[in-house]
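Please find my notes on the model below.

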Amino acid sequence: MNIAAQIDVLRAEIPGCRVVAFADLKTRLVLKASHQPDVRRETLDQLCIQAAQSFGLLSGEGVSIPEDAFALSPEDMRIFMRDAAGTSDLLCFVCGLESDPDQVVAMGRKVLTSLTVPS
């Protein structure tokens with residue numbers, strides 16, 4: 001299954017998920033995205049910036065950067081997942097507050113691993 005199909009399936013399987021984006025953290029570019037029709041390109045661009053800022057705030061001298069970061073607002077939950085292998089690959093999620101973050105992370109980790117590990 002190609003990247004677009006994998007993230008389409010992932011978004012469909014997560015209740016309340018509005019956006020799943022596969023991105024490059026280093027360049028801050030969305031490479032592929034699955035989203036509801038009302039989501040604009042600017043929103044996707046902002047996700048990459050917010051992910052980079054989230055991981056940047058969590059880094060520091062002698063501190064290992066976590067693989068996941070979360071951002072909550074009154075409207076939604078955003079989850080950013082870095083590739084465990086240390087590449088700049090990233091999955092970004094925008095989900096409703098009713099979504100289960102543990103489920104999103106577990107499902108997202110499987111897809112991200114399949115996208116980044118050579119077969």
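1. Two strands count as paired if DSSP finds at least two bridges between them. This is a predicted model, and β1 and β2 pair well beyond that cut-off: six bridges join them in the antiparallel sense. Ala21 stands opposite Ala33 in β2. Ala23 has Val30 as its bridge partner in β2.

2. **Confidence.** The chain has a mean pLDDT of 88. Of its residues, 91% reach 70 or more. Confidence is highest in α1, at a mean of 95. Confidence is lowest in helix α2, residues 41-57, at a mean of 85.

3. **Sheet order.** Five strands make up an open sheet. The order is β2-β1-β5-β4-β3, with antiparallel pairing. Which strands stand at the edges? They are β2 and β3; each has a single partner strand, so one side of each is left without a neighbour in the sheet. On average, neighbouring strands are turned by 15° against each other, direction ignored. In general, strands of a sheet pair through backbone hydrogen bonds, either parallel or antiparallel.

4. **Strand β1.** How many of the eight residues of β1 are buried? Seven are, and the strand is mostly covered. β1 also pairs with β5, again in the antiparallel sense, over seven bridges. In that pairing Asp24 has Asp89 of β5 as its bridge partner.

5. **The β1–β2 turn.** β1 and β2 form a hairpin with four residues between them. Arg28 sits in this loop, between β1 (17-24) and β2 (29-35). The phi of Arg28 is near 60°, a positive value in a residue other than glycine. Most residues other than glycine have a negative phi. I would flag Arg28 for the reader on that account.

6. **The β3–β4 hairpin.** β3 and β4 form a hairpin, also with four residues between them. The two strands run antiparallel and are joined by five bridges. β4 covers residues 77-82. Asp68 stands opposite Met81 in β4.

7. **Two faces of β3.** The side chains alternate along β3, residues 68-72. Ala69 and Ala71 point to one face and are buried.

8. Helix α1, residues 3-13, lies across β1, β2 and β5. Helix α1 runs at about 45° to β2. Helix α3, residues 101-116, lies across β1, β3, β4 and β5. Helix α3 runs at about 35° to β4.

9. **α1 against α3.** How do these two helices pack? Their axes come within 11 Å and cross at roughly 170°. That makes α1 roughly antiparallel to α3, because an angle over 145 degrees counts as such. From α1, the contact takes in Ile3, Gln6, Leu10 and Glu13. From α3, Gln103, Met107, Gly108, Val111, Ser114 and Leu115 meet them. The residues of this contact divide into five nonpolar, four polar and one charged.

10. **Ala12.** Ala12 is in helix α1. Ala12 has 66% relative accessibility, so it counts as exposed. Arg78 is 66 residues from Ala12 in sequence. In space the two are 16 Å apart, C-alpha to C-alpha.

11. **Val39.** Where does Val39 lie? Val39 is in the loop between β2 and α2. With 9% relative accessibility, under the 20% cut-off, Val39 is buried. Arg18, Val19 and Leu44 touch Val39, leaving aside residues up to four places away in sequence. The C-alpha atoms of Val39 and Ala12 are separated by 16 Å, and the two residues are 27 apart along the chain.

Note on methods. Residues are numbered from 1 along each chain as its sequence is written. This is a predicted model: local features need pLDDT of at least 70, side-chain atom pairs count only at pLDDT 80 or more; totals for chains, interfaces and linings use all residues. Side-chain values use heavy atoms; hydrogens and water are left out. Buried means under 20% relative accessible area, exposed over 50%, partly exposed in between (1.4 Å probe, protein chains only). Axes are lines fitted to C-alpha atoms, for helices over the stretch in contact, and angles run from 0 to 180 degrees between N-to-C directions. Contact means heavy atoms within 4.5 Å. Angles under 35 degrees count as roughly parallel, over 145 as roughly antiparallel, 65 to 115 as roughly perpendicular and the rest as oblique. Ala, Val, Leu, Ile, Met, Phe, Trp, Tyr, Cys and Pro count as nonpolar, Asp, Glu, Lys and Arg as charged, and the others, Gly among them, as polar. pLDDT is the predictor's confidence in each residue, from 0 to 100.
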